[in-house]
Amino acid sequence: QVQLVESGGGLVQPGGSLRLSCAASGVIFSIYGMGWYRQAPGKQRELVAVVTSGGRTNYADSVKGRFTISRDNAKNTVYLQMNSLKSADTAVYYCHIETSAYWGQGTQVPVSS
């Protein structure tokens with residue numbers, strides 16, 4: 001049974017930082033690309049960042065230079081380091097096994113003073 005469990009969300013002030021984690025189980029983690037997506041209230045889910053099985057990364061323009069995606073295959077975990085957070089980053093963040101139907105349950109990130 002495939003499971004993705006996100007953690008690390010929570011209220012943060014503008015300009016602050018958070019690191020999200022997504023632990024995978026029930027899957028050969030190292031062979032899959034992994035993605036972080038987000039969905040803000042009233043908006044569609046959008047791609048934030050992806051990391052391929054080989055470690056290549058790609059980012060949405062809105063987060064380039066502020067967010068960093070990384071993976072630790074030994075721990076079956078993908079991370080999203082978020083710096084210089086803005087109110088526009090407020091959303092529920094989901095991790096996803098690329099090209100699959102598997103999603104995490106989401107973790108909320110409200111950015112507010």
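The entries that follow cover salt bridges and then the disulfide.

**Entry 1, ground rules.** I am working with a predicted model, in which local features need pLDDT of at least 70, side-chain atom pairs count only at pLDDT 80 or more, and totals for chains, interfaces and linings use all residues. Residues are numbered from 1 along each chain as its sequence is written, and side-chain values use heavy atoms, with hydrogens and water left out.

I took a salt bridge to be a side-chain nitrogen of Lys or Arg within 4 Å of a carboxyl oxygen of Asp or Glu. With this rule I got four salt bridges.

I found a salt bridge between the side chains of Asp-61 and Lys-64, at 3.1 Å from N to O. Asp-61 is exposed at 65%, and Lys-64 is partly exposed at 48%.

I looked up both ends: Arg-38 is buried, with a relative accessible area of 5%, whereas Glu-46 is partly exposed at 37%.

The side chains of Arg-66 and Asp-89 form a salt bridge, 2.8 Å from N to O. This pair links distant parts of the chain, 23 residues apart: Arg-66 is in the loop between β5 (57–59) and β6 (67–72), and Asp-89 is in the loop between β7 (77–82) and β8 (91–97). For the element names I used DSSP runs numbered from the N terminus, helices being H or I of at least four residues and strands E of at least two. Arg-66 is buried at 10%, and Asp-89 is buried at 1%. Through shared partners, salt bridges join Arg-38, Glu-46, Arg-66 and Asp-89 into one network.

A disulfide is a covalent bond between the sulfur atoms of two cysteines. My cut-off was a pair of cysteine sulfur atoms within 2.5 Å, and I counted one disulfide. Its partners are Cys-22 and Cys-95, with sulfur atoms 1.9 Å apart.

Which parts of the chain does the pair tie together? Cys-22 lies in strand β2 (residues 18–25) and Cys-95 in strand β8, so the pair ties together parts that are 73 residues apart in sequence. The link of Cys-22 and Cys-95 is right-handed, with 45 degrees about the S-S bond. I noted that Cys-22 and Cys-95 are both buried.

Methods:
Buried means under 20% relative accessible area, exposed over 50%, partly exposed in between (1.4 Å probe, protein chains only).
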